[in-house]
Amino acid sequence: MNLSEIRIDSLKKIEELNSERDLAALKTYLFGKTGVLTGLMKGLKDLPPEQKPQAGKEINDLRVELMGLCEQKEKELHRMAIEQSINSQVIDLTIDRPDHAIGHAHPINQVRRRLTEYFVGNGYIVYDSPEIETDYYNFQALNVPPDHPARDMQDTFFITDNILLRTQTSSGQIRLMEKYKPPLKMICPGRVFRNDDDSTHSPVFHQMEGLVIDKNVTLCDLKGALEGFAKFIFGEETRIRFRPSYFPFTEPSVEVDVSCFNCHGSGCRVCKNTGWIEILGAGMVNRRVLSGCGIDPDEYHGFAFGVGLDRITMILCAINDIKLMWENDVRFLHMFK
Ligand code: DAH
């Protein structure tokens, strides 16, 4: 084949190519070590010297032209290959797939949120108070001086003689009253700590403190607030009752029971056949606590209450061992969506 025949033949071959593999083969055929054009170049040495420059130029021109065309073809084939692979991988967005497990709040957090919802809806602010406290805020300012027998009610984790892990969220009452002027309405949810450990007590547990200070606040207001709360959590037909009790920071102090949401008072396992379930402690804020915080007890009165969140959760979810709520076993937690 002369040069122009090689050209026509190659143009036709390039045109007809439709795979990257065939293109590679053609390139070897033309430009490889034993390729057609390489052969022609080698043959130059046998030509008479005066023909060499012209013939060399013609061969090289053809080589450049064909290489350019091959390169162009290569790009085209590559683009086609991508298109083809995209078209063959159709994604079916409607196809069924197994459901992903979606998490949810821990039962104690669900209860905390629900209680918060009730109180915030009734105008209370949410106040955050430290878990590491001084003896003053956890005890003394709450009318529990050193050596007071009420300290035995709570087994305290002391860090130093004066610093401890709070045993009650009641310390939040003092911090709030020191910081803000009445009227006050707040809840203070959080972790509390006591050296206590059995199936209904954990060394770490949760409380929500409530405090209302204003002029003319009475025990009736406390009862109204707690009745609304009990109905919101345990159902509209729920009743509450006050039993006299003792807390150093309230006077008078009460323990509050709700009518059993399970048997409605006739007696069952949930209420241990009494028809009532104890849910919290409360009372009218002691005058000494108010004046210790710079609030005039002749002008202002208030009530306070403290709810155990773990206890409410255990009652609502019929859980009989508090440890289950700390184990974080998802099989257990998923029962309380
Ligand atoms: N702090 C008490 C406790 O941990 C609970 C409590 C009782 C809080 C009466 C109060 C209250 O605010 O008025 O056992």
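Which of the 16 residues around the ligand come nearest? Select Gln168, Ser170, Arg194, Gln207 and Glu209; a residue counts as near if one of its heavy atoms lies within 4 Å. This is a predicted model, in which local features need pLDDT of at least 70 and side-chain atom pairs count only at pLDDT 80 or more, while totals for chains, interfaces and linings use all residues. Residues are numbered from 1 along each chain as its sequence is written, and side-chain values use heavy atoms, with hydrogens and water left out.

A side-chain N or O atom of arginine 194 is 2.7 Å from a ligand oxygen. The protein buries 91% of the 350 Å² that the ligand exposes when taken alone (Shrake-Rupley method, 1.4 Å probe).

Now colour β5 (204-214), β8 (276-285) and β9 (301-308), the elements that each give two or more residues to the shell around the ligand. Strands here are DSSP runs (E, at least two residues), numbered from the N terminus.

Zoom out to the open sheet of seven strands, ordered β1-β4-β5-β9-β8-β7-β6 with mixed pairing; two strands pair if DSSP finds at least two bridges between them. At its edges, β1 (125-126) and β6 (240-247) each pair on one side only.

Finally, select β4 (residues 184-193), which runs antiparallel to β5 and is joined to it by ten bridges. Methionine 186 has leucine 211 in β5 as its bridge partner.

Notes:
A polar contact is a pair of N or O atoms within 3.5 Å; within protein, one must be able to donate a hydrogen and the other to accept it, and residues adjacent in sequence count only if both atoms are side-chain atoms. Helices (H or I, at least four residues) and strands (E, at least two) are DSSP runs, numbered from the N terminus.
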